[in-house]
Structures are given as structure tokens and as C-alpha cells.
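Trainee: Please take one part of this model and look at it closely. Then set it in the context of the whole chain.

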Amino acid sequence: MRPHAAIVGAGSLAPQRRTEGASTLGMLARAAKAALDDARMEKAEIDGLLVGPQVGETPQHVPATVSEYLGLQPVMSNVVDLGGASGPGMVWRAAAAIQAGMCETVLCVIGNHRNPEPPRSPNRNPIREFDVPFGASGANVSYALLKQAHMARYGTTDEDFALIAHWARANAQNCPEAIFHGSPASVDDVLASPMIASPLHLFEIVMPVAGAEAGIVTSAERARGRQAAWLLGAGEKITHRAVSQAPDLTSGPLKPSMDRAFAQSGLGVERMSLLSLYDCYTIMVATTLEDAGLCTPGGFGEFMRAHDFGPAGDMPLNTHGGQLGYGQPDLAGGMTHVTEAVRQLRGAATGRQIADPEFALVTGNGATMSEAVALVLGTDA
Amino acid sequence: MTDLSTLKVPGPTVIPLTEPFWEAAAEGRLVIQRCGACGEAVFYPREICPHCWADALSWEEASGTGWLKTFSTIWKPGHPGWIPAVPYTVGLVELAEGPTMLSHILGETPEVGMKLTLAPTNIGGRVLPCFRPEHGVE
């Protein structure tokens, strides 16, 4: 299949632990401008807009609000609401809209501030009614339940999982913007960090930060001759929302999503130069490595010991530090795996560039291992 | 151990559809829905059957038994009202009828795979369908 579209620009705001009086709209504007500058395109070329949900600040009419703020009048726009899979989910939707002839160049932008008053609206969903009253509030509990299930089924150990956090922190040392730049962590450091929700330790959990990420997706015609990360394949699957309703606790919807993305691209996982894998928690990386077929179910620990996951290693993984090392800029966290892959494939990952990159696997994950998007990106059409 | 009944924690956000579940819970019982068309048991309560979309759900008394699929012992709760209760355990209970629910798990040494039985417990002034180990670890 010939690719229909490519990512030709990426923009990121450095993650910040806190903001004071920042507006999400303002942050989105700065990330969008950075991506457009990176693409060396003109604002007038943007005719499509995909944005994330903005609970609290702009609960409705988000595309119109963002368009107006940016002075855009898009002929295709929408909200992509897939949690941490929203960023990758925007990329294939942009390509699909371009292929359908609805637009030619799409701005995909997502982010959030961290002002003292968190912009959250009251939930009235089944999780609020049937999980919260028993003492299960927040994502930590859900991923703790998933990690415990994995350990119980396969006998995997805390040391196995700690290796994932250790490598994320190690790679963050090559990314000056990362929130844990200057703070590496050994396996022992991870294991010695406080228990938050057993069996999850603090260093196995992302640090929430403010931030925004943007990408410019354009048609094959316009991408030709530019530094581009081509969209070679994509897959998506949504299975549930509450962890109690998960059809499987040790394998997730990323498995069929990655299968589909690889099938579309005609490539196998062994061809990937970079693994840019969603890592809200260590367990998410473990399950994704296994679901990708990089190791056997339950075998990720051995895999983590057998490879070097740094930019000069044999298996580069989350070279920006992943969200475990970079910080999680709310829903934009998933987009960092896209923007990092774009930089690596375009040879622009200064200070952490991998040698001769050809292909990257990007994954996004939302809610309780519920919402999955996988992308295969490549340097050539 | 903290008396859970004294916690200031969020209770269920009951709607008319789910009232039978919470009314039974207050009486120390567990009720779930079953579809009259496909026969599947359903939790959490729905308007129509999520399996076959038939409009044929009715309430039935659940056996109150199940097994622990996974659990987490919470040291840093997501809601501050739970801080006096730490460490406490929540888990996923696969009910004998089939569906899985999240619940509060009583007892000090939970283990994946253990059989559980319903243990109605007052949390924050409301009796909720919690679970405890049935015969210890299998």
C-alpha cells in the first residue's frame, strides 16, 4: 500500500511540573506554532484540525474554540478522545481525512496546563458509581491490578518491572527537557521508592506535568521532498472503560492494533529501528512488548535483561525517556511518543539520535488498557 | 484497624436504573441483572443487555460467591477520605454468575485465585457489597 500521508512537523512544549494562570489554548497555540515552523510550512496551508478533549476549560465546541484562537478556518475538524491514545489516534484520522479528499494538511494538537485548580468536571459514569465507593479512585489502582494479575499469572517479579523504569530514567538523561533529566534511577532505586498501590512503586508511575504536543500531517504530494515520517500502517481497538470490565488482564487491545498496523505496513516488528511505546506505568510497557511479539507472554523480564534500550543500543526504546522519564503532560503524553518518533526518523533527535533509522512503532494507550492505537512510521514512502 | 463506617468518602452516584442494586446492598444482599433473551448475567446494571441488546433485563439474587482475579493494597489513596484506612485492599471479583465487579476486599493476606464470599460492610455510613476470603487460599 502506498502511504497517503506523512508527518512533516513536530512541536513540543517542555514539560513543567506546575503552571500558574496558563491557558490550555495558549499552550496549544505555542505547540502548534513550533510544529508549523518545524514543517517549514505556512499557516494558510493548514485546512484540518484535530484536538483533544478539554474537560473543564472548553468542554464543548473544542475545534471551533481552538480554530478561532489560532485564526484557522478548517474544512475538517474533530475531537479525538482516546485518553493516551488520542495523539496517535489523530495521526491516522488525519491521514484518512486527507485520503478522503476532505483536506490536505492537518494540525494535530493536544495539551494541558497544571494550574492550582485542576480542570476536571464531576464524573457520573459507571466507574464513579461502582468503583470509587469501594476505595478505587484514579488510574494507579487500575494499573496496580493489571500488574498484580501479570505477576500472578506468569511469576514476573518487581525487579523485571523495575528495569523498565530504570531504562526510562536512563534515556531521560539524553533529553534536557525531560522532567527526570538529572535524576537517573537504578533498579534498586525503583524498588526502594514508596509503595503507592501494591505492587506499583512510585518510580513505576508517571509524573503528571503540564505540556503540549503538536504534529503536522500532510498529503503524500505535499510531503514529497520534505523531511517526513510517513504513515505506513495503523490500527485501533477499544475494548472497555473500567478495569473490572477488561476482557483480559494480561493482554490488551494494542495486540490487534499492532497486528493491523504491521499488516498494513507489510513490516514485522523486527524491522523497527525505534520502539516508541506508551508507558504510563511499567506494566503497560511489559504488556506491550509481549503483545508485540517481541517476547513470549510473561517473558518481558528476560527481554529487558537481553537488550540495550538506549539510542546507541540494539533495541532503542522511548529515547526521550518515555513518559516515565519525560513526564506525562496529561493527554499529550501519548503524543510525545509520536513527536519523538518523528524527530528520530527525520534525523532531528539532537543528543540522542539513533543511527540509520528506517521504521518506528508508536503506541498509544488510554483509560485502563482500554483504548489502543498503533502506528508504523517510516523514513520513506 | 480503622472503622470503615466513619470514613468521609464518596458514595455511589445512584440513578433510578441502579436503585435496586444499592437498595439490596443496603440490606446486605447482592443483586445483578440477567437477560431473558440470551441468558447472560450482567454487571454493572444496564438499560439493555450489552451482550445481545435485548430489552429483557431483570434483577436476580446473586450467589454472593466468586474468586479474586487480582488485587491491590492501597497505600496512597486517590481520594483523601480513604487515608485513615490505609493500607486497605481492593480487587476484581469474578462472580459465580460470570461478570466481574470491583470491590473492597477484607482480610490481611489476599491472594490471586482465592475464593471469596459476600461480606456486606459499612463504608462511610453505607452498607456496600464487599468480599472476604471464603476458605482461605486455595
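Mentor: Two residues are in contact if their C-beta atoms, placed from the backbone, lie within 7 Å. Leaving aside neighbours within four places in sequence, Pro194(A) is in contact with His201(A) and Leu202(A). The model is predicted: local features need pLDDT of at least 70, side-chain atom pairs count only at pLDDT 80 or more, and totals for chains, interfaces and linings use all residues. Residues are numbered from 1 along each chain as its sequence is written, with chains lettered from A and ligands numbered from 1 in the order in which they are written.

Pro194(A) sits in the loop between α7 (187-192) and β5 (195-197) of chain A. Helices (H or I, at least four residues) and strands (E, at least two) are DSSP runs, numbered from the N terminus. Pro194(A) counts as exposed because it has 9 C-beta neighbours inside 10 Å. The cut-offs use C-beta atoms placed from the backbone: 20 or more others within 10 Å is buried, 12 or fewer is exposed, and in between is partly exposed. Pro176(A) is 18 residues from Pro194(A) in sequence, and 26 Å away in space, C-alpha to C-alpha.

Now the whole chain. Chain A has 13 helices and eleven strands. Of its 381 residues, 60% count as buried. Among contacts in chain A with a separation of 6 or more, 79% join residues 24 or more positions apart. The C-alpha atoms of chain A fill a box of roughly 55 × 45 × 40 Å, taken along the principal axes.
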